[in-house]
Amino acid sequence: MTASQPPRRTRSAAGGLLSSSDVGTANRARVLQSLLESGPASRAELARRVNVQRATLSTIVTGLLQAGVLVEEDARPHAGGAGKPARPLSFAPEALLSGAVAVSRGAVETAVVDARGVLPARHRDHLPTTCGRAELERRVLEAAEGVFAAYRGRLRGIGLTVPALCDPEAGVVLSCTAVPGLEGTALPRALATRFDAPVRLEQDVRAFAIGEKWFGQGRGRTDFAALQVDVGVGAGVMLPGHLLEGVRGYTTQLGHTCIDPDGARCSCGLRGCWETVASTRWLRAEAARRGVVGGRGTSPRRLGARAAAGDAGARALLADYADNLAIGMANLVQLLSVRFFIVHGDVVHAGEDFRRLLHERVVARSMPALADGIEVLFSELDQDAGLLGAAATVLSHHLGDTPAPAHDHL
Ligand SMILES: [Zn+2]
């Protein structure tokens, strides 16, 4: 191409026009996305996955190897035994580093996360829920300083996750009953200034969904729901190509949809929200009311163990709890045809019997035409889910959630 020629343009999936340099950037992003979503691959496999010519793929890969983003693994013979053994490409240690700050009820966790989902640095601090805004910001910035200082200039961005209704695009926390000091916080701007990196604000449970997409059981799936079941209840729903959001880009509040007009008063001020019967707070209160062993001090783990040991009270309570949870999950089935659920939070410690029970109840509460193929899994990300989710919001923004089929050889 000479200087007098206009840049070659091709059409993206969204219908927009891409210049040839945009195509190169898009293809590079798709190579990285493919490695994140589907794991290490040979050049030939990557070229196939990303749908570019081998020569183009080689140029992209060479650049990524030189930049230290990718490494070549040891040669593996082809399945058929013929041809030159392939050397799979994978992410180098500490490639595409993201900062992660996860604020939750009572704690702030901070970490540096690489593209493999490895956390080379992490820290957890107590964060009193009664903190005012200024005190909360001071504590979070201090926690971040301790972890990010050694990585200054190397972070592609920082993901800040909060248990709140927020406007991620504007970086505004609109309402937060769990940690009131977060409302109206200037943390996104303060973190960006302090660490000279772009900051992505995200609701915690939506970040769980993005974390599952890049690092967990959502890998390779286009649509699923990540649920959080703790003292609060919520869902982040991944639909083909994007994360479900409300009008104006607001995060959604599934835990506060009404399932009982005459139900108990919720922490949000409304009555009969799904959360009032689906949170672990309900489980503990109900254990106390029914006189189930452990009472208010019980936990999903203890109840699951008691039920497995034959305690009829624990079994009955967990059966009712599974049904309460299934109401909101089946609403998602009916509303959006979501059929794949990845559950997070304390509830996953209730055990495999409870997971099966929950699956049964979701199927029973779903329209028969939609119930086929419903799966309910417990997340395997465990204690890292919040931090991986926060980092994943950065990766998602960096690479784009919606791969445009940007063919280089049109
Ligand atoms: Zn509510």
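Residues are numbered from 1 along each chain as its sequence is written, and side-chain values use heavy atoms, with hydrogens and water left out. Because the model is predicted, local features need pLDDT of at least 70 and side-chain atom pairs count only at pLDDT 80 or more, whereas totals for chains, interfaces and linings use all residues.

The zinc ion has as its protein donors His-256 (ND1), Cys-266 (SG), Cys-268 (SG) and Cys-273 (SG), at 2.0 to 2.3 Å, where donors are N, O and S atoms within 2.8 Å of the metal (3.2 Å for Na, K and Ca) and sites may look incomplete, water not being among the atoms. The angles among the four donor atoms run from 104 to 123°, and the site is tetrahedral, a term applied to four donors if all angles lie between 85 and 135 degrees. Along the sequence, the donor residues follow the spacing H-x9-C-x1-C-x4-C. Cys-273 is buried, at 1% relative accessibility, whereas Cys-268 is partly exposed, with a relative accessible area of 32%; buried means under 20% relative accessible area, exposed over 50%, and partly exposed in between (1.4 Å probe, protein chains only).

Helix α6 comprises 12 residues, 204-215, and spans 16 Å from its first C-alpha to its last, close to the 16 Å expected at 1.5 Å a residue, the expected span being 1.5 Å times one less than the number of residues. Helices (H or I, at least four residues) and strands (E, at least two) are DSSP runs, numbered from the N terminus. Because 12 of the 12 residues of α6 are buried, the helix is largely enclosed by the rest of the structure; among these buried residues are Asp-204, Arg-206, Glu-212 and Trp-214.

The largest pocket holds about 1,200 Å³ of space. Of its 46 lining residues, Ser-104, Pro-163, Asp-204, Gln-228 and Asp-230 are the closest to its centre, and the elements giving two or more residues to the lining include β5 (98-104), α6 and α13 (385-399). A pocket is an open set of points on a 1 Å grid over the protein atoms alone, where a 1.4 Å probe fits, with protein on both sides within 12 Å along at least five of seven lines, and lining residues have an atom within 4 Å of a point; a volume is the space filled by probe spheres set on the points, which are joined across faces, edges and corners.

Ser-337, in the loop between α10 (312-336) and β15, has a positive phi near 60° and is partly exposed at 37%. Asp-382, in the loop between β16 (375-378) and α13, has a positive phi of about 55° although it is not a glycine.

Conventions: Tetrahedral: all angles 85-135°; square planar, octahedral: opposite > 155°, others 65-115°.
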